[in-house]
Amino acid sequence: MVIALGLFVTLGCMLAGYVWMGGHVAVIWQPAEYLIICGAAIGTFIVANPMKVIKDTGKGIVEALRNSEPKEAEYLAVLGFLYALMREFKNKPKSEVEKHIDDPSKSAIFARYPEVLANPELTQFICDYARLHIMGNARPAEIEALMDEEIQTIRHDGLKPYHALHAVSEAFPALGIVAAVLGVIKAMAALDKPPEVLGALIASAMVGTFAGIFLSYAVVSPIATKLKTVREKRLHLYMLVKQTFLAFMNGAMASVAVEHGRKMISAHERPTINRVEESLTAPEAKAA
C-alpha cells in the first residue's frame with residue numbers, strides 16, 4: 001500500500017508538472033519504446049540470474065509490496081514459542097522435547113504458535129539448534145559462531161533479489177538510450193517528411209531516454225531498496241532466536257533468556273516487557 005501510494009505520487013506529480021508546462025500526455029505514450037526498454041530489461045535479468053533467484057525476486061517484490069516486515073504479533077509469537085520450548089527443556093526429559101523438534105507439524109507447542117510454523121525457514125533454524133542443544137556436546141561459543149555463519153548465509157541468499165533488481169535498475173538508463181537511438185534511426189529515415197511529422201518522430205524517440213531514467217530511479221530502484229529493507233528486518237527474527245538460545249544455554253532462566261531476545265528487536269518496534277509477559281502466559285492459560 002505504501003509503495004503504491006509512493007508510485008502514485010511520483011507518477012502523478014511528474015504528469016501534472018509535464019501538463020502544467022504545456023506538454024501533451026499523448027506524446028509520451030509510446031508503447032513501442034516501453035516494450036523495447038522493459039523487454040530488454042526482463043531479458044537481461046533472465047540471462048543474468050539463475051531460476052531460483054528469478055523466482056525469489058518475484059517473491060521478494062510481493063513481500064516489498066505487502067510490506068511483510070515482522071510485526072509485533074510475530075515477534076511475540078516467536079518469543080512465546082521459545083519460552084515454551086525452554087520450559088520444556090527444563091521440566092521434561094530430552095526424549096520428550098525431541099518429539100517437538102523432529103516433527104513440528106505434530107507438535108503441541110508449535111500448534112499454539114502458528115505464526116512460527118508458518119515460517120518454515122525460521123522453524124528449521126530453531127529446530128536445528130534445539131537439536132544441537134539436546135545432543136549436549138556443543139559449547140555456547142561454538143553454537144554462537146555457527147549461528148552467526150548461518151545468519152550471514154541467510155542474509156546473503158535473501159539479498160540476491162535486491163542485487164539482481166539493483167543491476168536492472170542501473171541498466172534502465174542505458175536501455176532507454178537504446179530505445180531512443182532506435183527512434184532516432186526511424187526519424188532519420190523520414191527526413192523527407194514534413195517538419196511536423198519529423199518533429200513527432202524525434203519527440204517519440206526522446207521518450208525512450210525519459211522512460212529509462214524514470215523506471216530506473218522512480219520505480220525499480222525504490223522497490224529494490226524496499227525489498228532489501230524487508231528482508232533485513234526479517235533477519236531480526238533469527239537474531240532474536242540466536243540471542244535467546246545463547247542466554248538459555250549459558251544458564252539464564254527462560255524468562256530472562258526471552259528478555260535477551262526482546263532486546264534484539266529495534267527500539268521503535270520492540271514490545272514492552274508487560275506486553276511480552278502477557279503473551280507468554282496467554283497460550284498456557286488457553287491450553288490449560
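In what kind of crossing, left-handed or right-handed, does α1 pass α12? The model is predicted, so local features need pLDDT of at least 70 and side-chain atom pairs count only at pLDDT 80 or more, whereas totals for chains, interfaces and linings use all residues. Residues are numbered from 1 along each chain as its sequence is written, and side-chain values use heavy atoms, with hydrogens and water left out.

α1 passes α12 in a right-handed crossing, a term for a near helix turned clockwise from the far one by less than a right angle. Helices here are DSSP runs (H or I, at least four residues), numbered from the N terminus. The axes, lines fitted to C-alpha atoms over the stretch in contact, with angles from 0 to 180 degrees between N-to-C directions, come within 11 Å and cross at roughly 160 degrees. That makes α1 roughly antiparallel to α12, a label for angles over 145 degrees.

Contact means heavy atoms within 4.5 Å, and the two helices meet through these residues:

| Helix | Residues in the contact |
|---|---|
| α1 | I3, L7, T10, L11 and M14 |
| α12 | F210, F214, A218, V219, I223 and K226 |

These divide into 9 nonpolar, 1 polar and 1 charged.

Terms used
Parallel < 35°, antiparallel > 145°, perpendicular 65-115°, else oblique. Nonpolar A, V, L, I, M, F, W, Y, C, P; charged D, E, K, R; others polar.
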